[in-house]
Amino acid sequence: MNLEIVLIISFVFISLFGTLLHFTHGWFKNGILLHIFSAINESTWEHMKLLVAPTVFIGIFQYIVLGSDYPNIFNSIFILLFVQICSIPLLYEPLRVLVDRVHFIITIMIFYLSISLGIFIEYIFLIKGYILFDERISLIFILLLTFLFGIFTYYPPRVSLFKDPNSGKYGEGNRK
């Protein structure tokens, strides 16, 4: 399958699935696995988390479809995940400091821009053949990031990235 088509599918999938995960915590009150990947409050961290499961799932698809043509596929999937999750706080937090309350349309735009940046950098990695780490190490980093997002859902550090701006609380159950 053509690389550009795979990346367009990836963008659409991550965008739709990530958007859906914003609402699933409210729709389904039970389900520990679902809540690990759903937004459980309005913190920046929880919005970063919306990208993890969709990226892991699309990474499996990319590996199946592109893995034989691109020996750096896990490096590329790792960079996709890393750029996306780093872009959200890098774009959002300065705005939040400047205006205190960022309009929800801007936060939505930041979410999709983060996906776009991740896909773009992944594309560059794939076509240039860039390798940051051994492929097995990149896979371990992907799994480690996924695990950390799950853990921090229930045990969030008490820093502003994890603080719900609406309630002033942290994590599952909005503990203070």
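Predicted model: local features only at pLDDT ≥ 70, side-chain atom pairs only at ≥ 80, totals over all residues.
Helix α6 covers residues 104-128, which makes 25 residues. The chain averages a pLDDT of 90, and 91% of the residues score at least 70.

**Confidence by element**

- Among the elements of the chain, helix α4 (residues 52-66) has the highest mean pLDDT, at 97.
- Helix α2 (residues 32-37) has the lowest mean, at 68.

**Helix α6**

- Several residues of α6 are buried, including Ile110, Phe111, Ser114 and Ile115.
- Gly118, Ile119, Glu122, Phe125 and Leu126 of α6 are buried too.
- An α-helix has 3.6 residues a turn, so residues three or four places apart point the same way.
- Glycine 129 follows α6. The phi of glycine 129 is positive, near 75 degrees.

**Helix α5**

- Helix α5 has 27 residues. From first C-alpha to last, α5 reaches 39 Å, close to the 39 Å expected at 1.5 Å a residue.
- Aspartate 100 comes after α5. Its phi is positive, near 70 degrees.

**How α5 packs with α7**

- Two packed helices are described by the angle between their axes and the distance between the axes.
- Helix α5 (residues 73-99) packs with helix α7 (residues 135-154) at an angle of about 35 degrees. Their axes are 7 Å apart.
- The crossing of α5 past α7 is left-handed.
- On the α5 side, the contact is made by Ile73, Phe74, Asn75, Ile77, Phe78, Leu81 and Ile85.
- On the α7 side, Glu135, Ser138, Leu139, Phe141, Ile142, Leu145 and Phe149 take part.
- By class, the contact of α5 with α7 has eleven nonpolar residues, two polar and one charged.

**Three residues of α5**

- Serine 87 lies in helix α5. Its relative accessibility is 9%, so serine 87 counts as buried, the cut-off being under 20%.
- Serine 87 touches Ser114 and Leu117, not counting residues up to four places away in sequence. Ser114 is one of the buried residues of α6.
- Proline 89 is also found in α5. At 17% relative accessibility, proline 89 counts as buried.
- Not counting residues up to four places away in sequence, proline 89 touches Thr44, Met48, Pro94 and Leu161.
- Proline 89 and valine 6 are 83 residues apart along the chain. Their C-alpha atoms are separated by 27 Å.
- Glutamate 93 touches Thr44, Ile88 and Leu161, leaving out residues up to four places away in sequence.

- Isoleucine 58 is found in helix α4. At 4% relative accessibility, isoleucine 58 counts as buried.
- Isoleucine 58 touches Ile9, Ser10, Phe13, Ile14 and Leu80, not counting residues up to four places away in sequence.
- Isoleucine 58 and leucine 91 are 33 residues apart in sequence. In space they are 24 Å apart, C-alpha to C-alpha.
- Histidine 47 lies in helix α3 (residues 44-49). Its relative accessibility is 18%, so histidine 47 counts as buried.
- Histidine 47 touches His22, Asn41, Glu42, Ile88 and Phe111, not counting residues up to four places away in sequence.
- Histidine 47 and leucine 21 are 26 residues apart along the chain. Their C-alpha atoms are separated by 9.5 Å.
- Phenylalanine 11 is found in helix α1 (residues 3-27). With a relative accessible area of 27%, phenylalanine 11 is partly exposed.
- Phenylalanine 11 touches Tyr112, Ile115, Ser116 and Ile119, not counting residues up to four places away in sequence. Ile115 and Ile119 are buried residues of α6.
- Phenylalanine 11 and leucine 21 are ten residues apart along the chain, and their C-alpha atoms are separated by 15 Å.

Definitions and conventions: Residues numbered from 1 in each chain as written. Heavy atoms only, no water. Axes fitted to C-alpha atoms, helices over the stretch in contact; angles between N-to-C directions. Helix = DSSP H or I, 4+ residues; strand = E, 2+ residues; numbered from the N terminus. Left-handed = near helix turned anticlockwise from the far one by under 90°. Contact = heavy atoms within 4.5 Å. Nonpolar A, V, L, I, M, F, W, Y, C, P; charged D, E, K, R; others polar. Expected span 1.5 Å × (residues − 1). Buried < 20%, exposed > 50% of the residue type's maximum accessible area, 1.4 Å probe, protein only. pLDDT = per-residue confidence, 0-100.
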